[in-house]
Amino acid sequence: MHKVELTFVVQERKVHMANSNGRKGSKFETDVLKWLRQMGVLAERLTKAGSKDEGDMVAIIAGKTYILELKNRQTLSLPEFWREAEVEALNYANARGLGEVPLHYVVVKRRNSGIENAWVIQDLAQWIKEKQ
């Protein structure tokens, strides 16, 4: 009986930790969405779809569509974050029959800073493409 109670406590703690991280990520997404809208950007959160995820958010600025992958993590893993953004932007394009993958970015929460100070990550090829 004592063993069952101990197992229950361990399981409860695991769930709590996962939910806490999920809440942090969800709050960051909500805060970014609100901030973008305050800046006059048309932005919407995208529905989670497992392996077919299309990013966390879509933003339309000056008629261009951008797919945003948002991360609120203590440890940064830029290659992992970037691969996820690339795959999800491709999923977004495929789901809509777009001939071109939208520009996509990773937005990373900066510790102890406001939303306006979040980092935006992209690769050099996209940066040039956006500027042309």
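The legends below describe close-up views of a predicted model.

**Figure 1. Overall layout of the protein.** The protein has 3 helices and 5 strands. Read from the N terminus, the elements follow the pattern α-β-β-β-α-β-β-α. Of the 132 residues in the protein, 30% are buried. Taking contacts between residues at least 6 apart in sequence, 45% join residues at least 24 apart.

**Figure 2. The open sheet.** The 5 strands form an open sheet in the order E1-E2-E3-E4-E5, and the pairing is mixed. Strand E1 (42-45) and E5 stand at the edges with a single partner strand each, so one side of each has no neighbour in the sheet. From one strand to the next, the twist averages 25 degrees. In general, strands of a sheet pair through backbone hydrogen bonds, in either a parallel or an antiparallel way.

**Figure 3. The pairing of E4 and E5.** E4 and E5 are antiparallel and pair over 3 bridges. Val106 stands opposite Ile121, a residue of E5. H2 packs on the sheet, where it touches E2, E3, E4 and E5. The direction of H2 makes about 140 degrees with that of E4. H3 also packs on the sheet, touching E3 and E4, and the direction of H3 makes about 120 degrees with that of E4.

**Figure 4. Helix H2 and its buried residues.** Helix H2 covers residues 78-96, which is 19 residues. From its first C-alpha to its last, H2 reaches 27 Å, close to the 27 Å expected at 1.5 Å a residue. The buried residues of H2 are Phe81, Trp82, Ala85, Glu88, Ala89, Asn91, Tyr92 and Ala93. These buried residues pack against strand E2 (57-61), E3, E4, strand E5 (119-121) and helix H3 (124-131).

**Figure 5. The end of H2.** Arg96 lies over the face of Tyr92, at 3.8 Å from the ring centre. Tyr92 is one of the buried residues of H2. Residues 78-96 make up H2, and Gly97 follows the helix. The phi of Gly97 is positive, near 65 degrees.

**Figure 6. The aromatic pair Tyr66 and Tyr105.** The structure holds 1 aromatic pair. The ring centres of Tyr66 and Tyr105 are 5.7 Å apart and the planes lie at 40 degrees, so the pair is tilted. Tyr66 belongs to strand E3 (residues 64-71) and Tyr105 to strand E4 (residues 103-108), so the pair ties together parts that are 39 residues apart in sequence. Tyr66 has a relative accessible area of 9% and is buried. Tyr105 also counts as buried, at 6% relative accessibility. Two values describe a pair of aromatic rings: the distance of the centres and the angle of the planes.

**Figure 7. Ala62 in the loop between E2 and E3.** Ala62 lies in the loop between E2 and E3. Phi of Ala62 is near 50 degrees, which is a positive value in a residue other than glycine. At 81% relative accessibility, Ala62 is exposed.

**Figure 8. Asn112 in the loop between E4 and E5.** The loop between E4 and E5 contains Asn112. Although Asn112 is not a glycine, its phi is positive, at about 55 degrees. Asn112 counts as exposed, with 81% relative accessibility.

Definitions and conventions: Residues numbered from 1 in each chain as written. Predicted model: local features only at pLDDT ≥ 70, side-chain atom pairs only at ≥ 80, totals over all residues. Heavy atoms only, no water. Phe/Tyr/Trp six-rings, centres within 6.5 Å; stacked < 30°, edge-to-face > 60°. Helix = DSSP H or I, 4+ residues; strand = E, 2+ residues; numbered from the N terminus. Buried < 20%, exposed > 50% of the residue type's maximum accessible area, 1.4 Å probe, protein only. Lys NZ or Arg CZ within 6 Å of the ring centre and 35° of its normal. Expected span 1.5 Å × (residues − 1). Contact = heavy atoms within 4.5 Å. Pairing = 2+ DSSP bridges. Axes fitted to C-alpha atoms, helices over the stretch in contact; angles between N-to-C directions.
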